[in-house]
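Hello,

Here is the model I promised to hand over. My notes on it follow below.

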Amino acid sequence: MTLLLIALLLMLAGGLAALAAGRSAWSARLGAGGAVTGGLAGLAAALRVLLGGTPESVRLPWSVPYGSFHLHLDALSAFFLIPLFLLAALAAVYGIGYMRKAAHGRNQGPSWFYYNLLTVSMAVVLVAHNGVLFLTAWETMSLASFFLVTFEHEEPRVRAAGWMYLVATHLGTAFLVAMFLWLGHYAGSLDFDTFASALAAAPPAAAGGLFLLAVIGFGTKAGFMPLHVWLPEAHPAAPSHVSALMSGVMIKTGIYGIVRALTFLGALPAWCGGLLLAIGVVSGVLGVLFALAQHDLKRLLAYHSVENIGIIALGLGVGLLGRAGGLPAVAVLGFAGALFHVLNHALFKGLLFLGAGAVAQAAGTRELDRLGGLLKRMPWTGLTFLIGAAAIAGLPPLNGFASELLVYVGGFRSLLQPVPRLVLAGAAVVGALALIGGLAAACFAKAFGIMFLGEPRHADSAGAMEVGWTQRIPMAMLAGGCILAGLLAPWIIRGLTPVLRQLLPATAPEAISGAVRAASALERIAVTGVGVLLTIVIATLALVRRRLLADRPVTVAGTWDCGYARPSPRMQYTASSFAQPLLDNFHALLRSRRGGTPPAGIFPAPSSFHSSTPDSGQRYLFNPLFARLAGLLGRFRWLQHGRVHLYVLYIAVTLLALLLWKLGGS
Amino acid sequence: MRLLALLQPLLALLFAPLLPGVINRTKAFFAGRRGPPLLQAYYDLGKLLRKGAVYSRTTTWLFRAGPLVTLAALGVALLLTPLGRLPAPLAFEGDLILFAYLLGLGRFCTVLAALDTGSSFEGMGASREMQFAAFAEPALLLGLAALALRGGGWSLSSLLSGLTEGLPGGGPALVAAAVLIVFLAENARLPVDDPNTHLELTMIHEVMVLDHGGVDFAFVQYGAALKLWILGALVVGIVLPLPPGSWGLRAAVSVAGLLGLAVVVGVIESCLARLRLLRVPQLLVGAGALAVLALLVALR
C-alpha cells in the first residue's frame with residue numbers, strides 16, 4: 001500500500017510542479033515525469049497484489065461525517081489499476097510531443113496538472129473503500145476530465161461538448177449518491193466492508209433496486225446506450241492523449257463500479273444478468289453502426305468505445321446469469337471475458353486514439369474523406385494503427401479476439417443449458433457478437449483503408465510527415481502490448497483467478513480454478529497456438545514467393561483502372577461511399593441526414609453530396625426530454641430575478657424554516 | 001483415426017482446385033459448350049507461379065502481405081475443418097468461433113490489399129465484401145449453434161460427426177440451407193456474385209484482386225479454391241450421411257460429396273441470374289432467419 005501511496009504522491013507532485021512551472025518547457029517534463037514515475041510505481045504495487053494475492057488496506061484520519069479515508073487494494077482493484085497506470089504513463093510520454101504542437105504556445109501547466117489529477121483521482125476511485133471518499137474521488141475525476149476536455153475552449157464546439165459532458169456526468173453521479181444513501185440506510189455506515197452483511201438482512205427487492213441505480217449511475221460514465229450521448233462529443237474535443245486515457249481507462253471506472261457493486265449486492269436475481277445482456281446487445285450493435293456512419297476519425301473511435309463497453313456488458317451479463325443459475329463454468333467465462341476485454345480495450349483504444357492524434361496533427365484534419373496514402377508517409381503510425389485496428393476488429397491472434405472468444409464460449413455454454421432463459425441469452429450473445437464482429441471489421445477496414453492506403457485525397461495528407469519519437473514509442477509499445485496480451489492470454493486468464501473468486505463468493509474455489517484452467521487451455525490453442533502457426537505459415541509463404549521471384553522481373557506500374565487512361569486520386573472510393581451500402585440496411589436505426597445537389601441534365605453543373613448521422617439517443621430521447629424539462633422548470637423563473645437582497649431573504653427564510661422544524665421535532 | 005485425420009488437409013490441398021473445374025464443366029454442359037478442361041485451375045496456377053510480378057506504384061507492403069496472410073489464415077482454418085462428417089485433425093470446443101474469425105482475418109487482409117491500390121473498382125468490391133460478410137457471419141454461427149443444441153460436443157467436428165442419422169430433416173435441413181447460402185456468398189458465387197462477368201462494376205471478389213498478378217495471384221486463386229473446399233465441407237457434412245467402413249472409404253465418399261456439391265453449384269449458376277446488389281443483404285438475412293428458425297426447432 002505504501003508503494004501505491006508513493007505512486008499517487010509522485011503523480012500529484014509532478015502535476016503541481018507542472019502547474020508551478022507554467023509556461024516554461026519544464027512544465028511538460030515535470031508533469032509527464034510525475035505521471036511516468038508514478039505510473040511505474042503504481043504498476044509495481046498493483047502487480048504485487050494481483051500476483052501475491054494478499055489485499056492491503058490503509059485508513060488515514062479524515063474528519064468528514066460518514067467518511068473515512070479507507071483505501072483497500074484487493075485483486076479486483078489491482079486488476080483495474082494495471083491498465084490505468086500503464087496507459088497513463090504511455091499517454092503522458094506521447095503528450096509531451098503532442099502538446100508542444102497542440103498548445104500553440106499557450107500555458108501547458110494546468111493541462112498537465114489536471115492530467116495527473118485525473119490519473120490520481122481514478123486510482124483513488126479504484127481503491128476507495130468508503131462511499132464518501134469514493135464519491136469525492138469520482139467528482140474530482142469528472143471535474144479534472146472536464147477541464148481537460150475543454151482545453152481548446154476558444155472553440156464553441158469544444159465548449160458545447162464540455163458542457164454536455166458536465167451535465168451528463170453529474171446526472172450519473174446523482175444516481176450514485178442515491179445508491180450510496182440507500183446502502184447507508186441499511187448498513188448504518190458508508191464503509192464498503194459493512195455493505196455485504198447489511199444487505200444480507202435487507203429485503204431481496206432492495207438488491208435489485210440498488211443494482212438498477214448502479215447500472216444507471218455507473219452506466220452513464222461507462223457509456224451504455226442510451227446514456228452514452230456525452231461520449232461522442234467529449235472524446236473528439238479533448239487532446240488526443242487525454243482521449244486515449246478517457247476512452248481507454250476512465251469509462252472503465254464505470255465498469256469497475258458495476259463489478260464492485262456485484263461483490264457486495266449479494267446473490268442478484270437472474271433478470272439483472274438479462275438486463276446487462278440487453279444493454280450489451282444494444283450498445284454493441286448500435287455503437288458499431290454509428291461508428292460506421294461517422295466521417296470524423298475521433299468520433300468514430302468514440303462510438304467504438306460504446307461498442308466495446310457493450311461487449312464488456314455482454315460478458316458481465318453472461319457471468320451474472322451463470323452465477324444466478326449456479327453454473328460456475330459459464331460465470332467464469334463471462335466474467336473473465338469481460339475483465340480481460342477491459343484490459344484489451346485499454347490497450348487498443350489507447351493506441352488508436354494516439355494514432356488518431358498523430359494523423360490529425362500530421363495531416364491537419366480528422367475528416368476521413370480528406371485523408372489517404374498515409375502509410376507511406378507515416379509508416380510507424382500506420383503499422384501500429386493497423387495492429388490496433390485488427391485487434392479491435394477481433395481478428396486472431398490479437399488480444400481483442402482472445403477476450404471476445406471467452407464471451408463467445410460463455411454464450412455457447414449458456415446456450416447448451418436446458419433452461420430456456422439461458423438458451424435465449426446464449427443465442428443473443430452469439431448472434432450479437434457475430435454481427436458486431438463483422439461490422440467492426442468493416443468499420444476498421446474503412447478507417448484504416450481510407451486513411452492510410454491509396455493516394456492522398458487532399459493536399460493536407462500529401463504533405464504529412466511522421467510524428468516524433470516521443471509519440472512513436474508509446475504507440476509502438478501499445479501495439480506490442482496488443483500482440484503480447486493475445487499471445488500471453490492463457491497466463492493472463494490465470495492471473496484473473498483471485499478476481500473471479502471475489503466475484504463468485506458462493507462457488508467452490510476448486511470449481512473456479514477448474515473453469516479457469518479450461519479457459520486458459522482454450523486460449524493456449526486458439527490464440528497462442530494459432531498465432532505461432534500463422535506466423536510460421538506466413539513466413540514460409542513469404543520465403544517461397546521470394547525464391548520464386550528471385551531471378552524474375554519485378555516491375556512497378558500504375559494501378560490498373562480497367563483501361564481508363566487518366567486515373568486521379570479523386571476517383572478513389574471514399575469512407576462515405578465504402579460505408580453507405582452497409583448503412584442503408586440500417587437506415588431505420590441511424591436516420592442519417594443527406595443533402596446536396598445531384599447532377600442533372602445532359603451537361604451537369606458541379607454537383608455535391610453530404611451526409612451526417614447525429615446521435616439518435618440525443619435527437620429522439622434527450623433533446624425532447626430536456627426541452628420538456630426546460631419548459632416545466634421555466635415556470636419557476638419568477639423566483640430568479642437577480643436581486644441579491646431577495647436571495648438573502650430566501651436563505652434567511654430557509655434557515656428559519658429549518659430551525660423551526662428542528663425545534664418542533666425535538 | 002487421429003493420424004489419418006492429418007491426411008484430410010492434404011486431400012484438400014491436392015484436390016481443392018478441382019472444384020472450380022467441376023463447376024465450370026457443369027456450367028459448360030448446361031450451356032452446350034465443351035468448356036475448359038477439368039484441371040484448368042491447376043494449369044492456371046502452374047502458369048502464374050512461373051511469372052514475374054508487377055506492382056502498382058500506389059501500393060505499399062500491405063498489398064504484398066495481403067495474399068500471404070489470406071492464404072495462411074485459410075490454411076490454418078483447414079486444420080479445423082472436418083471433411084464432411086470425418087473429424088478434423090484439430091478439434092476443441094470453441095473452434096467454430098476461431099474458424100469464423102480466421103475466415104474474417106483472410107477477408108480483412110484481402111480488403112485492405114484491395115484498398116491499397118487506390119482503384120475505385122477495388123474499393124467497390126471491398127465495400128461489398130465487408131457488407132455481405134457482416135450479414136453472413138451471424139447466419140453461419142447461429143446455424144452452427146442450432147446444430148450444437150442437438151447435444152454432444154460442440155466443436156466443429158463433433159457437431160458434424162454427431163449428425164448420425166441419414167439425410168437431414170427439420171432443424172439440420174434449415175441449417176443446411178442457411179450454410180449453403182453462406183457458402184455461395186462467401187465464395188462469390190451466383191446468385192450473389194457472378195464469377196464469369198466481364199463488367200468490373202458488378203463484381204465483388206474478382207474485382208478486389210484485379211491488381212494482383214503472378215505468384216501473388218496464384219496464392220489468391222489457390223486460396224479461393226481452398227475456401228470453396230472449406231465451406232463446402234461444412235455443407236457436405238450437414239447433408240451427406242457417411243457409410244460405415246474404413247477411413248479410406250468414408251474419405252472417398254466425402255470427397256465425392258464435395259465434387260457433387262460443385263456440380264450442384266454449377267447447376268445453380270446455370271439456372272439462376274445474379275441478384276441485384278440491394279437484394280443480397282435480404283438473402284443473407286434470410287439465411288440468418290433460417291438459422292434462428294433451426295434454433296427454435298431444436299429447442300422444441
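Leaving aside neighbours within four places in sequence, A:F353 is in contact (heavy atoms within 4.5 Å) with A:H235, A:S240, A:S243, A:A244, A:S247, A:K298, A:L301 and A:A302. This is a predicted model, in which local features need pLDDT of at least 70, side-chain atom pairs count only at pLDDT 80 or more, and totals for chains, interfaces and linings use all residues. Residues are numbered from 1 along each chain as its sequence is written, chains are lettered from A and ligands numbered from 1 in the order in which they are written, and side-chain values use heavy atoms, with hydrogens and water left out.

A:F353 sits in helix α13 (residues 328–363) of chain A. Helices (H or I, at least four residues) and strands (E, at least two) are DSSP runs, numbered from the N terminus. A:F353 counts as buried because its relative accessibility is 0%, and buried means under 20% relative accessible area (1.4 Å probe, protein chains only). A:G480 lies 127 residues away along the chain, with 16 Å between its C-alpha atom and that of A:F353.

**Strands in chain A**

Strands β1 (residues 56–60) and β2 (residues 69–73) of chain A pair in the antiparallel sense over five bridges. Pairing requires at least two DSSP bridges between two strands. A:V58 has A:L71 in β2(A) as its bridge partner. Four of the five residues of β2(A) are buried.

**The interface with chain B**

In chain A, 71 residues are in contact with 68 residues of chain B. The two chains bury about 6,100 Å² between them, 75% of it on carbon and sulfur atoms. That area is the accessible area (1.4 Å probe) that two parts lose on being put together, summed over both. A:F412, A:R545 and A:Y573 supply 11% of the area that chain A buries against chain B, more than any other three residues.

Two salt bridges are counted between chain A and chain B. The rule is a side-chain nitrogen of Lys or Arg within 4 Å of a carboxyl oxygen of Asp or Glu. A:R545 forms a salt bridge with B:D216, the closest N and O atoms being 2.4 Å apart.

A strand pair also crosses between the chains. β3(A) and strand β1 (residues 53–56) of chain B run parallel, joined by four bridges. Within β1(B), B:S56 is the bridge partner of A:A557.

Best wishes

Definitions and conventions:
Buried means under 20% relative accessible area, exposed over 50%, partly exposed in between (1.4 Å probe, protein chains only).
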